[in-house]
Amino acid sequence: MNKTPKAQEVNLSYAWFVVAILMLAYISSFIDRQILSLLVRPIRRDFEISDTQMSLLMGLSFAVFYTILGIPIGRLADHKSRKWIISVGILVWSMMTVLCGVAANYGQLFLARVGVGIGEAALAAPAYSLISDYFPREKLGLAISVFSMGIYIGSGLAFFLGGIVISLSSGEDHLLIPWIGEIYSWQIVFFIIGFPGILIALLVYLTVKEPERKNGFSQKTSISKDALVPMRADFSEVIGYIWANRGAFLGITLGLTFVSLIAYGSAAWIPTFLQRVYGWSPEQAGISYGLVVTVFATLGIIAGGLYADRLSHRYEDGRIRSMIIAPIGLLVTGLYYPFMPTGYLSVLFLIPACFFISFPVGTAAATLQEIFPNHMRAAASSIYLFILNLIAMSLGPTSVALCTDYVFKNDAMIGYSLTIVGFVCVLIATLSFYLSAKPYCQSKKNLEEYLKKYA
């Protein structure tokens, strides 16, 4: 077994171009993912469903195949073309989003959302691996944070654009589309956000180059003694490596999982909260919340990446120290927006909530890239995303809905549901990040020893 030739220095200007293209794909994915949050009222009305059924559309329908397929896709990305995998994924989720626009009932919309989840499973883990091979360690936190900005720009645009489209089509119950037929007026949103993704898939395939893998190994093929291919880790080896570094892996993963659970619950229900409690229109709620998410969550994730890179130069556990700021900040400033006397004050208090929710997202992904060898990174990232999304994406929207439907039994109490879920998650996230600090430092040493064995 031989080490691959030393990777050539990558042009950082081109590397940032790749990050920008991947971020554009992430924006598209989160627009497709979050748009349902602004359509709760018309979907519940037209399909005659409850909050809990609506939460399954926003969470479980998407999350099941997104999380399950993420692991084999991550394994594939550790030894196959990552840009090809990402391009196909974008094409699939974009076409399935368009199909949401022709769903005639709850069951059809549920299945279309499953398809969106299948396509989106092909983006995050391969992208983390790709970016890690383009950037040096000292810039990795910022690079992955910039890519992850797509989460918040996409979510914000989903609310913002959705609000505008709903406003423009609010006078019509149905629309007649050539070659398609009659659809509900709110379904036009899915055509507007789905078709551009096809162009993004083509852009990724044509402009992104597959970089040489760093900190990886090659092995001789059976075809030729001189042919070298990227080493592929057995799944049992990946699991074994995770288990050997479980303190760091699980601490970081669970910490971000419970911050993300707050994020998914908030994104799913805050537009509805503003409508139910303060009497805002869907367009007013969508545009206001969309602007806050786009601006302040984006600032949060960039600030988190920069601060983590800075602390990593000063402290061995600097990245962990930066991440623990997020749940503490949420506890101090970010859980009180449901109790404001007016909608405008509530939106004002959403600013620190959005900032701190996004603060650790890029850093957590970058931190995990630091403790795994290259030929396990995408697989490890996919397992990290499996845990995170299975819990956060499935339970985020649904835990809030269950509190509203079965604890308070009152739609107007949705703000209390958001606060209860947020408080519990903040406590778990703080403890998880805190307990991961020492194991993280040990895991970095474990990687150095692992690499020496194959030098």
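Buried means under 20% relative accessible area, exposed over 50%, and partly exposed in between, with a 1.4 Å probe and protein chains only. The model shown is predicted, so that local features need pLDDT of at least 70 and side-chain atom pairs count only at pLDDT 80 or more, whereas totals for chains, interfaces and linings use all residues. Residues are numbered from 1 along each chain as its sequence is written, and side-chain values use heavy atoms, with hydrogens and water left out.

**View A. Glu 48 in the loop between α2 and α3.** Glu 48 belongs to the loop that lies between α2 (40-47) and α3 (51-58), where helices are DSSP runs of H or I with at least four residues, numbered from the N terminus. Most residues other than glycine have a negative phi. Glu 48, however, is a residue other than glycine with a positive phi, near 55°. Because its relative accessibility is 71%, Glu 48 counts as exposed.

**View B. Lys 409 in the loop between α16 and α17.** Lys 409 is placed in the loop between α16 (374-408) and α17 (414-453). Although Lys 409 is not a glycine, its phi is positive, at about 50°. With a relative accessible area of 66%, Lys 409 is exposed.

**View C. Ala 143 in helix α8.** Ala 143 is part of helix α8, which covers residues 137-169, and it counts as buried because its relative accessibility is 0%. When residues up to four places away in sequence are not counted, Ala 143 touches Trp 16, Val 19, Ile 131 and Phe 135, a contact meaning heavy atoms within 4.5 Å. The C-alpha atoms of Ala 143 and Gly 362 are separated by 8.2 Å, with the two residues 219 residues apart along the chain.

Definitions and conventions
Helices (H or I, at least four residues) and strands (E, at least two) are DSSP runs, numbered from the N terminus.
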